[in-house]
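Please look at the sequence and the three-dimensional structure shown here before reading on. The report that follows takes up a helix pair, the overall layout, contacts between side chains, and the surface.

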Amino acid sequence: METSVVNHISNKHSWRHAKHFKKCAHHKLSRREKKEKPWLKPGTAALVALEDIVFNIKLLRDLKLVTEFHHTGNLEVYHSIMLKYCPKRQHFNHEGMVARTQLAALDNNHNCSRKQAVVKKGSNVGSLRYNLVFPKMRKTWVVKPIKEAKQFDYITTLMENILRYKKSKKPKKSQKAKKSAKHAKNIATKEKPDKETAIKAHISRF
C-alpha cells in the first residue's frame, strides 16, 4: 500500500502487480477531476525522485513496523479505572472481582469516546480546551486536549434493571450469615493508626 502512492500521483488508480492492494481507495475520478489535478508524468525527473524515496528499502522496513503500531494510552486509562474499582490493597472474593471488573468496563466503555471540551466562558468561548503538562519522558512542555466531563447516566438504567430483576425473583428461605472472607496475607489486618502516633512510636524505639 505504501508504494501505491507512486501509481496514484501519476494518474494510475488500478494495477495488477500488487499482492494486497490493487486499486486506490478513493472514488472513481471524473474527467474534470483528472484535468484539475497536477499529475506527475511517468519518466519525469520529479516522479523518478519520488520513486527513489518511496521504494527505499529502509523506509519500507520502518513503515511496516509503524503500520502495526498501537498506542497503549487507552489501555492504560482502563487499567487506571480498574484500580479505582478493584484496589490492589483490598481483598475481594471471586464474585466481587467479577462484578467490579464489569463495572469498570461499563465505566470505561461509556466514556472512552468523549469529545474534547470547549471553553464556556470568557473571550475564547467555543474554542477547544487544552492542558499544559511537562512529561518526564519528553522533558519539555506539551499541550494535551481536555476531554468533556464523564457521564454516569448508564448507572440509572443499571439500577432499574437490578431492581426489576430483584422483584422478579422469588424470596428464598433465610440462611445463616456466611463467614466473612479472610484477608490475604499481603493485606493489612489492622486498622491504619494515626500518623503522629506511629511517628512517636517509631522515635521511641531509638
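## A pair within one helix

E36 and R32 are four residues apart in helix α2 (residues 31-36), so they are separated by about one helical turn; helices here are DSSP runs of H or I with at least four residues, strands are DSSP runs of E with at least two, and both are numbered from the N terminus. The side chains of these two residues, E36 and R32, meet in a salt bridge with an N to O distance of 3.2 Å, where the term stands for a side-chain nitrogen of Lys or Arg within 4 Å of a carboxyl oxygen of Asp or Glu. Both E36 and R32 are exposed, on a scale in which buried means under 20% relative accessible area, exposed means over 50%, and partly exposed lies in between (1.4 Å probe, protein chains only).

## The model and its confidence

This is a predicted model, in which local features need a pLDDT of at least 70 and side-chain atom pairs count only at pLDDT 80 or more, while totals for chains, interfaces and linings use all residues. Residues are numbered from 1 along each chain as its sequence is written, and side-chain values use heavy atoms, with hydrogens and water left out.

The protein averages a pLDDT of 85, and 88% of the residues score at least 70; pLDDT is the predictor's confidence in each residue, from 0 to 100. Confidence is highest in helix α6 (residues 94-111), at a mean of 95, and lowest in α8, at 78.

## Overall layout

The secondary structure comes to eight helices and two strands, and along the sequence these follow the pattern α-α-α-α-α-α-β-β-α-α. Of the 206 residues of the protein, 13% count as buried. Helix α4 (residues 57-67) is hardly covered, since the count of buried residues among its eleven residues is zero. At the start of α4, a side-chain oxygen of N56 reaches to within 3.0 Å of the backbone nitrogen of K58.

## A link across the sequence

A search of the whole structure finds two salt bridges, and one of them joins the side chains of K150 and D107, at 3.0 Å from N to O. K150 lies in the loop between β2 and α7 and D107 lies in helix α6, so the pair ties together parts that are 43 residues apart in sequence. K150 counts as partly exposed, at 30% relative accessibility, whereas D107 counts as buried, at 3%.

## Aromatic rings and surface

The structure holds two aromatic pairs, a term for rings of Phe, Tyr and Trp (its six-membered ring) whose centres lie within 6.5 Å, with planes under 30 degrees apart counted as stacked, over 60 as edge-to-face and the rest as tilted. F152 and Y154 form a tilted pair, with 6.4 Å from centre to centre and 40° between the planes. F152 is partly exposed, at 39% relative accessibility, while Y154 is buried, at 14%.

F134 lies in the loop between β1 (130-133) and β2 (142-145), and this residue, F134, is partly exposed, with a relative accessible area of 42%. In another loop, between α7 (154-168) and α8 (195-204), is D194, which is partly exposed as well, with a relative accessible area of 48%. A polar atom of the side chain of D194 lies 3.3 Å from the backbone nitrogen of E196.

Conventions. A polar contact is a pair of N or O atoms within 3.5 Å; within protein, one must be able to donate a hydrogen and the other to accept it, and residues adjacent in sequence count only if both atoms are side-chain atoms.
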